[in-house]
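Visitor: I'm new here, and I'd like a close look at one spot. Could you walk me through it slowly?

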Amino acid sequence: DPGRESGGRFRAQNQAEAMDDAEPARLLGILVEFTASWPDGVSRTLRRRADWYSSGVGFIGVCGFPALAGAVRVAVHVLAPCRVKLEGGWPASLQELTLSAAARGCLVSVTTGAFAGLPALARVALAVPLDEVGPDAFWGCASLRVFECAGTAYVFGDRAFAGAPLVAADVPGLVRAGAGTFKGCASLGEVNAPALVEAGFGCFEGCVTLRRLVVSPDIERFPNRMCNRCAQLEAVVVGEGRPPNDLRLAVGLAGIGRQAFEGCARLGAGGHPVVLPPSAHTCGESAFAGCASLPGLICDATVLKRRALQGTVSLGEAVVGSALAEAFIDSGVQKIVIRGGGVGLNACAGCRRLESVVFVGKPPRRVDERAFDGCTALREVKIWGPETRSCATASYGCTFDTWCFRGCTSLREVSLATTKRLGLGAFED
């Protein structure tokens, strides 16, 4: 049901317009021209009547056939307006495929696995408005460097281009990308998808040369492993004219998934911290782990989950809602501001550059075991910051658990207002 998909209403409109124009072609019969070229320089144009499938939404199926054996270039030209489905059967020698139409009103889809595993395919250009690229459509096309398409609202299925050496993805009409759509595209340098509102698990995982990613301000979530191991990724842009990594324009963003940016060693290398909108309530496990160049993280209402910022050795300041177990473990963070939440088990253990911790807003209920264990540079802990009217506003106290400040050898003074309990060895060593 296209109405249930991201951008579905636009795709449904595209389909309706295409089929309004396609009805006369159905009555007259539809011819398709195939202009093929072979390595020896021979070129031929073949005309075939495409099969019409009338169940549900009518379409014609366009596929390879024996007469194209050995061809290296095929130009497909549809002679009447209709809905086109590109299917399989293409020769393994195919290097380039183009699709065009003689009249407006066509709409093209690429079916599941249609070109999967073609070893020589290097370029695909679809001049007809695109509706969908199905799952595994170009999976394992080890030479595919260029994919060009038209259209204003289209969808890429799961693993559609996985493993292909695409050099860029300029897809302004892409509204939804499935799981692993571009996974392992090791040559992909930039993705321009300003209409992308929904991305699947591991959508760009392993794109080791990806430097810049542009998505829609209406994006709902950065899913699990979305850009995992994108080692060269420096900038995520939401909306035109926005600074890199400033995601506040994505007012409906629910959060950052597990391992979404893990291993993105260059993220923020230009000095741009990641800034999340108030709607982002969670930052998943290992979400930014290993982001060695990240200068800061501003997410006032966000709960940091386990190891969310592990290994962020260049992190200067982090402003968060609360930090769960091991959220900052072994991070290079220097200052942490916590707005209204607590600090979990080992949350900042081993953060040897951490100098200041400030709690502001709603008082915390708990600072858990070993929360700041081994933070040898920690000098300042302010339990109530400037946004708290008075420590008397706390009707309950805060529990500082066992060894929570153990080994903080630079700590000179701590003000523990309305403390409920001070655990064993809280300030040991």
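What relative accessibility does Arg-159 have, and what does Arg-159 count as?

Guide: Arg-159 has 35% relative accessibility, so it counts as partly exposed. That label covers the range between buried, under 20% relative accessible area, and exposed, over 50%, with a 1.4 Å probe and protein chains only. Before we go on, this is a predicted model, where local features need pLDDT of at least 70, side-chain atom pairs need pLDDT 80 or more, and totals for chains, interfaces and linings use all residues. Residues are numbered from 1 along each chain as its sequence is written, and side-chain values use heavy atoms, leaving out hydrogens and water.

So where are we? Arg-159 sits in the loop between strand 11 (154–156) and strand 12 (169–170). Helices (H or I, at least four residues) and strands (E, at least two) are DSSP runs, numbered from the N terminus. The backbone here deserves a glance: phi of Arg-159 is near 60°, a positive value in a residue other than glycine. Arg-307 also has a positive phi, about 55°, and is not a glycine either. You'll find Arg-307 in the loop between strand 21 (296–304) and strand 22 (317–323), partly exposed with a relative accessible area of 21%.

Now look at the rings. One aromatic cluster is formed by Trp-90, Phe-115, Phe-138, Phe-147, Tyr-154, Phe-156, Phe-161, Phe-182 and Phe-204. The structure holds 17 aromatic pairs. Rings of Phe, Tyr and Trp (its six-membered ring) pair if their centres lie within 6.5 Å; planes under 30 degrees apart count as stacked, over 60 as edge-to-face and the rest as tilted. Phe-182 and Phe-204 have ring centres 5.5 Å apart and planes at 5°, so they are stacked. Phe-182 belongs to the loop between strand 13 (174–177) and strand 14 (190–192), and Phe-204 to the loop between strand 15 (198–199) and strand 16 (212–215), so this pair ties together parts that are 22 residues apart in sequence. Both Phe-182 and Phe-204 are buried.

Elsewhere, charges sit over rings, meaning that NZ of Lys or CZ of Arg is within 6 Å of the ring centre and within 35 degrees of the ring normal. Lys-85 lies over the face of Phe-59, 4.4 Å from the ring centre, and Arg-406 over that of Trp-403, at 4.6 Å.

Stepping back, the protein chain has one helix and 29 strands, and buried residues make up 52% of its 429 residues.
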